[in-house]
Amino acid sequence: MAALIAENFRFLSLFFKSKDVMIFNGLVALGTVGSEELFSVFAFNCPCSPARNYIYGLAAIGVPALALFLIGVILNNHTWNLVAECHKRGTKNFSAAATFLLFGSIMGRAAVAPVTWSVISLLRGEAYICALSEFVRPSSLDKFPANHGAEVLATFPCKDVPANLTKYRDDVTRRLRYESQLFGWLLIGIVAVLVFLTKCLKHCCSPLSYRQEAYWAQYRSNEDKLFRRTAEVHSRILAAKNVKQFFGFVALDKEEKELVQEFPVEDVQPSPQWNAITGVYIYRENKGFPLYSRLHKWAKGVEGNGPTPEGHEMLFLAS
């Protein structure tokens, strides 16, 4: 039981494992800010009509946020590693905590852009004012004309308001902008607290030292870069070989000729090898030696993804 509890707590160190993640999240946030500004300038146009305001205002905040969230899920490598894992091996090798926190990692990273969009929208206040202006109680406005109701309040986000209602429009706009910005700052504070607590849990629960974790992050980054670069060269040489076999010759530039001469490619890797290095990876140690990736584990000839009788394996989900 103690071992199971320890294993589950180790999975709490799921998020923000390297500075690269923080830099990437920062760039995503900056890009989202720019997109939101462009959207407000060129696209946002409140209909100033009862019932339509509310739908349009919520859509202006929620629909782009949803789209950004789905894009974040699609662009996350964990998403497709999880799909490959479930397709090839199922999730029998993962505890409930591991599966839950893996989804948490995907959702957390995908939430960076939509949260940023929502915060900027709330701080600007235009969509919030558009959505809720018609719901302001006329009785809360000093000496508001009794013959005016939601129909008039819905036009307050627009400029074409009767002169005698201008001061009420300013009052409503100021009040709603205050509420919108308050919610925006509260959202920033909540996210900041969650990030801080996650970082604390990550460092407290990590089975790795700070230096080893930094080394692991560097290894994963370098392995990914080298793998992609080598795969690109390998596929180009293999393609050149097949094209030459079909036509009898292949038109190569100087650089490609040098690649073909320097790196002879005989054939493609069999599917079992691709399957072995594809999928979600959990950090493990075998006989005291760390295994930093599925490729590393395959190169060392370690079979399976579960604990082995030869040695204790510490479980730590890769970011």
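T173 counts as buried, because its relative accessibility is 17%. Buried here means under 20% relative accessible area, exposed means over 50%, and partly exposed is in between, with a 1.4 Å probe and protein chains only. T173 sits in helix 9, residues 166-205. Helices are DSSP runs of H or I, at least four residues, numbered from the N terminus. Beyond its neighbours within four places in sequence, T173 is in contact with I129 and F156; contact means heavy atoms within 4.5 Å.

A word on the model. It is predicted, so local features need pLDDT of at least 70 and side-chain atom pairs pLDDT 80 or more, while totals for chains, interfaces and linings use all residues. Residues are numbered from 1 along each chain as its sequence is written, and side-chain values use heavy atoms, without hydrogens and water.

Now the cysteines. How many disulfides does the structure hold? Two, where a disulfide is a pair of cysteine sulfur atoms within 2.5 Å.

Take C46 and C130. Their sulfur atoms are 2.1 Å apart. The S-S torsion is about 80 degrees, so this disulfide is right-handed. The pair links distant parts of the chain, 84 residues apart: C46 is in the loop between helix 2 and helix 3, C130 in helix 7. Both C46 and C130 are buried.

Next, C48 and C158. Here the sulfurs are 1.5 Å apart. The torsion is about 100 degrees, so this disulfide is right-handed. C48 lies in the loop between helix 2 and helix 3, C158 in the loop between helix 8 and helix 9, 110 residues apart. C48 and C158 are buried.

In sequence order, the bonded cysteines pair 1-3, 2-4. C200 is in no disulfide; its nearest cysteine sulfur, on C204, is 6.3 Å away. C200 is partly exposed at 30%, and C204 is exposed at 66%.

Definitions and conventions: Helices (H or I, at least four residues) and strands (E, at least two) are DSSP runs, numbered from the N terminus.
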